[in-house]
Amino acid sequence: MSTAIVEPALPEPEGNYLENGYSLRSWLTTTDHKRIAILYAVTITAFFFMGGTAATLMRLELISPTPLIMGAETYNKLFTAHGVIMVWFFLIPSIPATLGNFLIPMMVGAKDVALPRVNLLSWYIFVLGGMFVIVTLIAGGIDTGWTFYVPLSTRYSGTQVVYGVVGIFIAGFSSILTGLNFIVTVHRLRAPGLTWFKLPLFVWAIYATSIILVLATPVLAMTLVLLAMQRVFGLGIFDALLGGDPILFQHMFWFYSHPAVYIMVLPAMGVASEVISCFARKPVFGYRTMAYAIAAIAAFGFMVWGHHLFVAGQSLYASLVFSFLSYVVAIPSAIKVFNWTATLYKGSITFEAPMLYALGFVGLFLIGGLTGLYLASLALDANLSDTYFVVAHFHYIMVGGSVMAYFAGIHFWWPKITGRMYPESWSRLAAIVIFIGFNLTFFPQFILGLEGMPRRYFEYAPQFQFLNILSSAGASILAAGYALPVLYLTWSIRHGPHVGRNPWGAKGLEWQTRSPPPVENFDVPPRIPERPYDYDPEAEEAKRK
Amino acid sequence: MALPNSAAPVSYPLVSLPVAATPYAEKVEGLFWAVTGVCTLVTLGIAVAMTYFCFRYRSGAEVDRTLPDLAAGKSRSRRIEATWIAVPFAFFLIFFAWGAKLYYVYDDPPDNALQIFVTAKQWMWKVEHADGRREINELHVPVDQPVKLVMTSQDVIHDFYVPAFREKRDILPGRYTVLWFEPTLAGVYPLRCDEFCGTGHSMMTGRVYVMSREAYSRWLASGSQAPSLARLGFDRFRELGCSGCHGPSSRIHAPSLAGVYGQMVPLSDGSFVRFDDGYIRDSILQPARQIAAGYSNDMPPFAGRVSEQDLLELTAYVRSLANTSPNVPQGNHLQ
Amino acid sequence: MSVNADLAGRRANDSESEVGLWVFLASEVMFFGLLFYGYTITRMAHPQAFAIASAHTDVLLGSLNALVIFTSSLTVALAARSLRLGAQRASFWLLAVTLTLGVLFLAIKCYEYYGDIDKHLVPWGDFALHGPLAGGERMFFFMYFVMTGAHAIHLTVGLGLLAFMLAGVGRGAYTQKNTEAVELTALYWAVVDTVWIFLYPILYLVHRS
Amino acid sequence: MTSGALRLIGVWLAVIVLLGVSVGTSYIPMGQFNSVVSVTIAFIQAFLVWTFFMRLRWSGVLVRLIAAVGLIWFLLLLGLSLTDYLTRHTVGS
C-alpha cells in the first residue's frame with residue numbers, strides 16, 4: 001500500500017482561506033469553519049490569560065499563610081473568576097471549538113460544517129456570554145466559587161451572582177449549537193465511503209463530546225435559571241427555609257458539571273491519538289476498542305455525578321451506586337492509556353514538539369486518572385473531598401490533560417492552519433518547561449490535601465507553607481511556559497518557514513489538501529484510505545535510509 | 001500533637017501527614033496505602049514501558065519492527081486488551097468494595113455514643129453538650145468513647161472536617177446530619193470547615209480536644225452548672241404547649257413520645273421512618289409531612305416559631321425519653 | 001391521492017437541517033426535563049402541599065389552553081402537509097389558524113396569570129396560602145410560574161417563527177419544492193405542544209377529587 | 001380531504017378524547033393513582049403527537065434515535081437521583 005500522497009500534476013491552485021478577504025468585516029461575517037475556529041482561538045486565548053492571571057495572583061497570595069497582597073474577599077472572587085473563566089470560557093470550547101471547528105469538516109472530507117451560519121452564531125453567542133462575565137468582573141466579581149452552591153449563592157453572597165449566571169447561561173447556547181453542528185456534520189457530511197470505523201479517533205471524540213454538550217448543557221442552563229430566580233425572588237425549590245433541598249441543586253449542577261469534565265478531556269484524548277500514532281508511525285493500537293472506549297466514557301460519564309456528593313448529605317445507598325459507577329467509567333480511560341503506550345511498541349518514533357506535548361498529556365492524564373480512583377472510593381473520599389487533593393486531581397486532568405493536549409494539537413496542526421512551521425526547538429523547550437512547571441505546581445497539592453488543607457482557603461495553618469511555596473514556585477515556571485508558545489507561535493505566523501501539504505507524513509484527510517487549505521477545503525476530492533492510521537513503521541525506516 | 005502557640009516561632013516538618021486518631025482512621029490509612037501502592041506500580045509500569053519504547057523504537061534505531069500479520073495480530077491484540085480491561089476492573093472492584101465496606105459498616109453510630117450538638121454558622125462552630133455545657137470553636141471529648149455529632153447550619157452549607165479522624169460531613173441548613181467517631185488517641189486536633197462558606201471560610205477553624213477520662217471529668221466539672229439540654233427542652237416542651245397533647249394524661253389524640261426514640265415507626269402512608277433527630281426536627285417544623293400511622297394531622301407547624309436552639313433542646317428532651325414508659329409523668333426522669 | 005400523501009410523508013433520508021433540529025429538540029427535552037425533575041423531587045418531599053396548592057390553579061383555563069394548543073399542533077401539522085402536497089393556499093390558512101390559536105393561548109395564559117396575581121398566588125409576594133404547608137405550596141407556585149413561564153417564552157418564539165412562515169408562504173417563498181422551513185417550524189411547535197401535554201396534568205390535575 | 005389528513009385529524013381527536021379522560025378521571029378519588037393515570041395519559045398523548053404530528057413514523061433511524069435519546073437521558077437524570085431521594089430517611093414500606 002503506497003503511503004505517498006498523490007500530488008496533482010497540475011500547478012497549485014491559488015488562494016486559501018486566509019487570503020479570502022483581509023478586512024475585519026470579512027472575518028466577523030465569515031461562515032468558513034476555519035476562520036470561525038480562529039475567531040474562537042483568539043477569544044479563548046484572551047480568556048485563558050485572564051483566568052491565568054487570576055491563578056497567578058492566587059498563587060502569589062498563598063505564598064504566605066497570612067494575608068499578603070489581598071483580603072479574603074478578593075481572594076474568593078479571584079478563585080471564582082478563575083474557575084468560571086477557565087471552565088466555561090476556555091476549557092469547554094478549547095479543543096472542540098478551535099481544533100474541532102477547523103478539522104472536523106476536513107477530516108470527514110466536507111467543505112464546511114453542516115450549518116455554517118449557526119456556527120458563526122454560536123461564536124457570537126459565546127462572545128456575548130463572555131461579555132457578561134467581564135462585566136461581572138468589572139462590577140465587582142462573584143465570591144461563591146464556580147460551583148455556585150446554594151444557599152451561599154442565593155441568599156448570603158453580596159456579589160454579582162446574577163450577571164455571572166446570565167453569562168454562563170448565554171455561553172451554554174453556544175455550546176449546544178456547536179455540539180449540534182458537529183453531530184449533524186459527522187452524520188450527514190462524511191465523504192462517500194468514509195464509514196464510521198474509518199474516521200480518525202479525533203472525530204469520534206468530538207462527536208461524543210458533542211452529544212454531551214447537547215444533552216448536559218441545557219440542564220446547567222435551567223439549573224442556573226432556577227438559581228437566579230431563587231436569588232432574585234428570595235425563594236425557590238432549593239430553599240431550606242421552605243422545606244426545599246439545597247442538595248437538589250448539587251444534583252442538578254453535577255449532572256452537567258461531571259460530564260463537562262469529559263467535554264474537556266475526550267477531545268484531548270482524540271488529539272493524543274492522532275499525534276502519538278503519527279509520530280510513532282504506527283496505527284493506533286486497538287482502534288475499535290479506542291472508539292468504543294470514547295463512546296463508553298461519554299455514556300457512563302453521565303452516570304457518576306453523585307460522587308461529588310458523597311459527604312454532602314446524599315443517602316448512603318446512592319453513594320454506593322455512584323461509587324461503583326465511578327469505577328466503571330475508569331475502565332475505558334484506563335484502556336486508552338494502555339493503548340497509547342502499546343501504540344509506541346515497534347513504532348518508528350520521533351520527538352517533534354507535538355509528540356512531546358502528547359506524551360506529557362498521557363503521563364499527566366494517567367496521574368489525574370489514578371488519583372480519581374481515590375476520590376471514587378467512599379472511605380477515601382470522605383477524607384479527601386474538598387481538600388487540595390481534589391484540586392490537584394482535577395488540574396492534572398484539565399490542565400495536565402486537556403491543556404497539554406490542546407497545545408499538542410495546536411502545534412501538530414499549526415502548519416495546516418497557518419501554512420508555516422513553528423520553531424521546533426523553542427516549542428520543545430516550552431513543552432518541557434510546561435511539563436516541569438505543571439508538576440511542580442500541582443504535585444505538592446496532592447500532599448497538601450493529604451495533610452488536610454481544605455480547598456478555597458485564603459489563610460492556612462503554617463505547617464502547609466512549604467508545599468504552598470513550592471506550588472507557587474512551580475506556577476511561575478508554568479506561567480513562563482505558557483507565555484512561550486504565544487510568543488513563538490505569533491512570530492511564526494509571519495516568519496515561520498512555509499510548509500507543504502503534509503510536513504509530518506500524517507494520514508488524516510486534512511493532510512491531503514494544501515496548507516493553508518483553500519476556502520472549500522479540497523481542490524480535488526480527498527482519497528479515502530482503506531483504514532484509519534495507515535502508518536507503516538518499517539516502510540518509514542526504509543525510507544529514511 | 002499540640003497546636004503551636006501563635007506567638008512563638010515554630011518550625012514545622014516540611015511534610016507531615018496527620019496522625020490517625022481513631023481506629024476507623026487507621027483502617028482508612030490502610031486502604032489509602034493499598035490504593036497508593038497499586039497506583040504507584042501502575043504509574044511506574046507505564047512510565048517504564050513508555051520510556052523503554054520511546055528509546056528502543058526511536059526512529060533510526062536498528063530493531064525488529066515487524067508486526068504480526070493482520071489476522072494473528074487482531075486476535076493477539078484482543079487478548080492483550082481483554083487482559084488490561086479485566087485486571088484493572090478486578091482491582092477497581094476491590095477498591096470499591098473495600099472503601100464501601102469501611103464506610104458502610106461505619107455509618108451507624110453505636111447506641112452508647114455520647115451525643116453532642118453542633119451548630120455551624122458563618123464563620124464559627126457552636127457546640128452544645130447534653131449537660132448544657134456550651135463551647136465555641138472547641139470540642140472537648142473523652143478518649144475511647146464513641147461520640148456522635150448531630151449537626152445543623154444556621155445559614156449556608158458548612159462541613160465538619162477533622163483530618164486526624166479522616167472524615168467529614170457537610171452541615172446543611174434545615175436538616176440534621178450526623179458524624180461519629182471514637183478517638184483512641186488523646187491530643188488536640190485541628191477542625192476545619194471544608195465546604196466553601198463565604199468570606200471567612202478559611203477562618204472557620206477550631207480544635208477538637210480528645211482528653212483522658214480524668215481530664216475530661218475535670219473539664220466537665222469546671223464548667224458552669226447550666227441545666228442540661230434535655231432539662232431545658234422539657235421547659236420548652238411545656239412553654240410551647242407540646243405537653244398539652246403529647247403528655248401522658250392528655251385527652252387529645254397525639255402520639256406518645258416515650259420509648260420511641262431510635263425505633264422504626266409506621267407512617268400513615270404505609271412507610272416506616274426511623275424516629276431520630278431528623279424526624280423529630282421535621283415533625284416539629286412541618287408535622288403534616290410525615291404523619292404517624294393511626295393519627296390525624298392536628299398538630300400546628302412550628303416552622304418560624306422555634307429557633308435552632310429550641311429545636312436542639314426539644315430534640316434532646318425527646319431523646320431523653322428513649323428509655324421511659326408512657327405512663328410515667330414526663331420530666332421525672334430528668335430529676 | 002392517498003398514495004401520494006404517503007409518499008409525501010415518507011423520506012428515506014433526513015435532511016441536515018432536520019437532523020439538526022431534532023438534536024436541538026433533544027436538547028429542549030433536557031431543558032424542560034430539568035424543570036420536570038426539580039418539580040418531581042420537590043413534590044415527592046411535599047406531596048400534600050403540592051396537592052393542595054395545585055387545587056388553586058385555574059383548571060378551566062388550563063384545560064381550555066390544552067384544547068387550544070393541542071388543536072394548534074394539528075393545524076400546524078396539516079399546514080406542513082399541505083405545503084408538501086402543493087396546496088399553498090391551504091397551508092397559508094392553516095398557518096394563520098395556528099398563529100391565531102397560539103396568540104389565543106397566550107391571551108388565555110395572561111388572563112390566567114392576572115387571576116393568579118389577583119388571588120395572591122405569586123409565591124414571592126403576599127402569598128394567599130398560610131396553612132401548615134405554606135412552604136411546599138410556595139414551592140409549587142414557584143415551579144408553576146417558572147415552568148409555564150419557560151413554556152410561554154418558547155411559545156412566543158414559536159409565534160415569531162409562525163409569523164415568518166406565514167409571510168413566506170403568502171409571498172410564495174416557501175413552496176412544494178421548498179418546505180423545509182415550514183416543516184421545521186411545525187416540529188418546533190409540536191414540541192411546545194408536548195411540553196404543555198405534560199405541564200397540564202402535573203400543574204392542574206394533581207388534586208381535583 | 002385526503003386519508004393522510006384524516007389520519008392526522010383522527011390523531012387529534014384521540015388526543016382530545018384523552019384530554020377529556022384525563023380531566024374526567026382526575027375528579028374520581030383514586031389517591032396517588034390520579035397522578036399515575038394523568039401522567040400515563042400525557043405520555044400516550046405525547047407519543048401520538050411525536051409519532052404522527054412530528055412524523056417520527058416516517059422518519060429515518062437516526063431521527064428516531066435522537067428523539068429516544070432525549071427521553072432516555074431525562075429518565076437517567078431522574079432515575080439515578082431517585083437512588084438518593086428514595087433512600088434518604090424513610091425505609092420502604
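This is a predicted model: local features need pLDDT of at least 70, side-chain atom pairs count only at pLDDT 80 or more; totals for chains, interfaces and linings use all residues.

Q: Which strands are at the edges of the five-stranded open sheet of chain B?
A: The pairing in this sheet is mixed, and the order reads S4-S10-S9-S6-S7 (chain B). Each edge strand pairs on one side only. That leaves strand S4 (138–142) and strand S7 (167–171) of chain B.

Q: At about what angle to S4(B) does helix H3 of chain B run?
A: Look for residues 213–222 of chain B, which form helix H3. The helix lies across S4 and strand S10 (205–211) of chain B. Relative to S4(B), H3 of chain B runs at about 130°.

Q: Which element gives the most to the side of chain A that touches chain B?
A: Here 74 residues of chain A are in contact with 70 residues of chain B. Helices giving two or more residues to the chain A side include H3 (72–107), H10 (316–344) and H14 (424–451) of chain A. With 13 residues, the top contributor is H10(A).

Q: Where in chain C does pLDDT stay under 50?
A: Chain C averages a pLDDT of 90, and 93% of the residues score at least 70. The stretch under 50 has 16 contacts beyond four places in sequence in the model. You'll find that stretch at residues 1–12 of chain C.

Conventions. Residues are numbered from 1 along each chain as its sequence is written. Chains are lettered from A and ligands numbered from 1 in the order in which they are written. Two residues are in contact if their C-beta atoms, placed from the backbone, lie within 7 Å. Helices (H or I, at least four residues) and strands (E, at least two) are DSSP runs, numbered from the N terminus. pLDDT is the predictor's confidence in each residue, from 0 to 100. Two strands pair if DSSP finds at least two bridges between them. Axes are lines fitted to C-alpha atoms, for helices over the stretch in contact, and angles run from 0 to 180 degrees between N-to-C directions.
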